[in-house]
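Reader: I have a structure to study. Please take me through its aromatic pairs and its nonpolar core.

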Amino acid sequence: VARLVARLFKSLGVLKKGQLIEVTRKDLIGAHHGETAQLTSDAVKRALGGVLFIDEAYALRHDGSSDSAGQECVNTLVKESEDHAGEVVIILAGYGKEMAAFLSSNSGLASRFPNVFAFADYSVDELARILAELTAVKGFSLEESLLEGDSLTQLVARTIKPAEVPKGNGRLVRNLVERAIARQTDRMFGVLQDAGTVAHGALTTLTEADFESPPSGAKSEENLAAAFRQLDAIVGLGSVKTFVRQLAAQMQLNAERREAGMKAAADTSLHMMFVGNPGTGKTSVARIVAAIYKAMGLLRLGHLVEVDRSALVAGYAGQTAIKTRQLVESALGGMLFVDEAYAIVTDERDHFGREALDTLIKCTEDFRDDLVVVLAGYPDEMKRLAASNPGIRSRFATTISFPDYTAEELMAITDAQLADEQLVIALEARASLGSIFRAMVAVRDRECGNGRAVRNLLERAKREQALRLVGLPGKKSKEQLMLLLADDFAPVLGELGLAGR
């Protein structure tokens, strides 16, 4: 639309050139004091005679911010728009809510940008018309059955989820058409291989099947079984495994009830809280749950995006919401795993953290049909986080508790890691390990007695083994390279006061 405005104003004689110059915050904000005003002024000068289009303009400055460079940019824009009135058209673009706050942040903005145009998301019917136009532009046609009645509209409704529209609109349709063309190409290649010839029209015709992912019932069942095997292979966590199976069974039963025309639990939230100490398998289970949900058709992609506070919170005001939303959008179709979620908001004065958490909670509702968010952290801290924010309590109704491992489970984890690394331990060393694990479990420290502690312990033992073997003359045998002795665990025994036991 901005490009059309530039051309229209040129044809009407309002603008001399009619060019469109597109910029964002990074093009206008300088790294040094005074540089921002020059960059902003230069951008306006490049657009003289045409249109300067500033995308995500709300990111230039946030209301109540101490972002001096952003304020300098806004002040320069206001001045340049006044100095070059009639020579350039400046368009500020962005999300509605954020733009309203941005315009209210400077008294000069609202008066100099009085014309506000709200761009609504496309309806399903409009997306269907865009699909037909894009198909023609790319030199393809739609099969006749798709052009009858509302068949094309129904196709779009099936293939594009409502939660996806606000983040993509027309771009989603373009991706849909490109995937359909790719499937059609593969289909035609198969036909040519089998028949040796094909009608000319068929080479450029897209069918309904080209737009929809092929049925994968058997493959989904196979993937679901594989995910559950991965879950069962994890040491311990009996209660967690049971809970996950119960969740999966509940989702499957709800789907079967709906297919049978019966009432089923409506709008069941898939968002969860994982509470437990470090090294108790929270991330591993999250990855498996994402795979289970994908196999069940609850998630499109089933990938896992891991983040913490540093990934969500930006360095200056106004950018945290954008950064958080971008990370959420990267996880759409899969799972967003927020580790140490309680640390997002450090205290009552942490405005950046509060902005990140508020944005995250809003996104869980906006994209609830295409995203699962897991908040993870220590039990006590996560309880306080949930108690302090009603939005978390209502949207994260499912909590899975991850218990610390027992001494026997720690030994089983050790055996699995030793097998992976082609290592074995002597009988005396196994007795030493048993003493170490029982001491760890007795301490019940957050950082002690879990999977991470096992990895650290074995790494230390391998270093002791390396130092011991390097002191031996000659070439080492395979048995020597594989064997960990009790002496390799002696330093840890000493530190725990278990030497000689």
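Reader: How many aromatic pairs does a search of the whole structure find?
Author: This is a predicted model: local features need pLDDT of at least 70, side-chain atom pairs count only at pLDDT 80 or more, and totals for chains, interfaces and linings use all residues. Side-chain values use heavy atoms, without hydrogens and water, and numbering runs from 1 along each chain as its sequence is written. Rings of Phe, Tyr and Trp (its six-membered ring) pair if their centres lie within 6.5 Å. Searching the whole structure gives two.

Reader: Is the pair of phenylalanine 274 and phenylalanine 402 stacked, edge-to-face or tilted?
Author: Planes under 30 degrees apart count as stacked, over 60 as edge-to-face and the rest as tilted. The ring centres of phenylalanine 274 and phenylalanine 402 are 5.0 Å apart and the planes stand at 45°, so the pair is tilted.

Reader: Which strands (E runs in DSSP, at least two residues, numbered from the N terminus) does the pair link?
Author: The two residues are 128 residues apart. Phenylalanine 274 is in strand β6 (residues 272-276), and phenylalanine 402 is in strand β10 (residues 398-402).

Reader: Is phenylalanine 274 buried or exposed?
Author: Buried means under 20% relative accessible area, exposed over 50%, partly exposed in between (1.4 Å probe, protein chains only). Phenylalanine 274 has 0% relative accessibility, so it counts as buried.

Reader: Which residues touch the most other members of the largest nonpolar core?
Author: A nonpolar core is a set of buried Ala, Val, Leu, Ile, Met, Phe, Trp, Tyr and Cys residues joined through side-chain atoms within 4.5 Å. The largest one holds 55 residues. Those touching the most other members are Met272, Phe274, Tyr293, Phe437 and Phe489.

Note on methods: Helices (H or I, at least four residues) and strands (E, at least two) are DSSP runs, numbered from the N terminus.
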